[in-house]
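Subject: Structure for you to look at

Hello,

The structure we talked about is below. Please open it beside this message and follow along; what I found comes after it.

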Amino acid sequence: MTALAIIFGYIEHLIPLPIGAYGIKLGLANIVVLIMLYSVNLYGAFSVNIVRIILCALLFGSFTSFWYSLIGGILSFFVMVLIKRTNRFSPLGVSICGAVAHNVGQTAVAVILMNEFRIALYLPILLIVGAITGALIGIISIPILKAPIFKNTKKVE
Amino acid sequence: MKAIKKSDIILLICIILAGAILLCIFSAIFLKKGQTVVVKVNGEEYARLPLKKDTELLIEANGGTNLLIIRDGKAWVESASCPKQICVADGELSELDPIVCNHHSVSITLE
Ligand SMILES: [Zn+2]
C-alpha cells in the first residue's frame, strides 16, 4: 500500500497539470489518500501521506514547494477524516472537501510566505475548481474502492 | 455505503455557490480599482509600477528570473526560468487573479 501511494505520488509529479493558474491540478495523489482512508487505519494513512509529500518534495520539488504540499496535504487530510467521521457523505463528498481544503491550505501558505493578502482574492475560483476536481477524483476512486482487494483490507480497520 | 449520497450533491452545490457569492463580493470591492502593479519577492516589496505606463521589468528572485511586461494597461509574465511555468500560463494580471510564482517566491498583484 505504501509503495502504491508513492507510485501514485510519483505519477502526479511526472504529470503536473497546471490549467491556467497556480494551485489548479487534478490532485491524482488524492486518489491514494482517499483509498487509504477507507482501507487502512488512520495512522497508516497519515504516515504514508507524510512520507509521500516528503519524498516527492525531495525528488521533484524545492524547499518552498515542500511547504505548500505539506500544509495543503495535512489540512486536506484532517478535513477528509472529519468529513468521513460524520458518516453523512460518501467518498465523493470526502474527496470534494479534501480538494477544497488543499486549495485553501495552499492559498494560506502563499498569503503568509509572500506577505500579500491579495493572493486570497483568487480563493473563490479555487473553491469552485477544488469542488470540481475533488468530485472528479471521488468519481474515479469509488469504483477502485469497490474492488475486491480493498474490501479485504477493510477488515484490518 | 460507498454509493453517492444526496448530501454529496448538496455539498458540491453549496461549495460552488459559496465560491460564486465570494466572487461577486470580491468583484464589487476590488474589480477595476487596481492601477498599480505591485511586485513582491519573499514577501517584500520589489517594485511598484503604474499600469498606465508601458514598461518591462526583469524580476531577479531566488536564483531565477521572471520577465514582467506592462503594455496597453495590461500586465503579464512573458517568460520565466521556473520549471512549472505557472506564472507564464496564468496570463493577464487582474485584481482577482494575481500572478504567483511559487518557485521564485514572487507575487504580482494589482492595487
Ligand atoms: Zn513561475
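Of the contacts in chain A between residues at least 6 apart in sequence, 73% join residues at least 24 apart; a contact means heavy atoms within 4.5 Å. This is a predicted model, in which local features need pLDDT of at least 70 and side-chain atom pairs count only at pLDDT 80 or more, while totals for chains, interfaces and linings use all residues. Residues are numbered from 1 along each chain as its sequence is written, chains are lettered from A and ligands numbered from 1 in the order in which they are written, and side-chain values use heavy atoms, with hydrogens and water left out.

Chain A

Chain A has seven helices and zero strands, so its pattern along the sequence reads α-α-α-α-α-α-α (helices are DSSP runs of H or I with at least four residues, strands are runs of E with at least two, and both are numbered from the N terminus). Of its 157 residues, 50% are buried. Buried means under 20% relative accessible area, exposed means over 50%, and partly exposed is in between, with a 1.4 Å probe and protein chains only. The accessible surface of chain A is about 6,900 Å², and carbon and sulfur atoms hold 75% of that (Shrake-Rupley method, 1.4 Å probe; for residues, only the protein chains shown count as cover).

Where chain A meets chain B

The contact involves 39 residues of chain A and 41 residues of chain B. About 3,500 Å² is buried between the two chains, with 70% of it from carbon and sulfur atoms; buried area is the accessible area (1.4 Å probe) that two parts lose on being put together, summed over both.

Nine residue pairs, both at pLDDT 80 or more, are in polar contact across this interface. A polar contact is a pair of N or O atoms within 3.5 Å; within protein, one must be able to donate a hydrogen and the other to accept it, and residues adjacent in sequence count only if both atoms are side-chain atoms. On the side of chain A that touches chain B, the elements giving two or more residues are α4 (63-85), α5 (91-113) and α6 (123-145) of chain A. The most comes from α6(A), with nine residues. By class, that side has 28 nonpolar, seven polar and four charged residues (nonpolar: Ala, Val, Leu, Ile, Met, Phe, Trp, Tyr, Cys and Pro; charged: Asp, Glu, Lys and Arg; polar: the others, Gly among them).

Salt bridges

Over all chains there are five salt bridges, and two of them cross the interface of chain A and chain B. The rule asks for a side-chain nitrogen of Lys or Arg within 4 Å of a carboxyl oxygen of Asp or Glu.

One joins B:K40 to A:E116, with the closest N and O atoms 3.6 Å apart. Another joins A:R118 and B:E111 at 3.8 Å, N to O. This pair runs from the loop between α5 and α6 of chain A to the segment after β7 (106-110) of chain B. A:R118 is buried at 16% relative accessibility, whereas B:E111 is partly exposed at 29%.

Within chain B, B:R71 and B:E56 form a salt bridge at 3.9 Å, N to O. B:R71 lies in strand β4 and B:E56 in strand β3 (residues 55-61), so the pair ties together parts that are 15 residues apart in sequence. Their C-alpha atoms are 8.4 Å apart.

Regards
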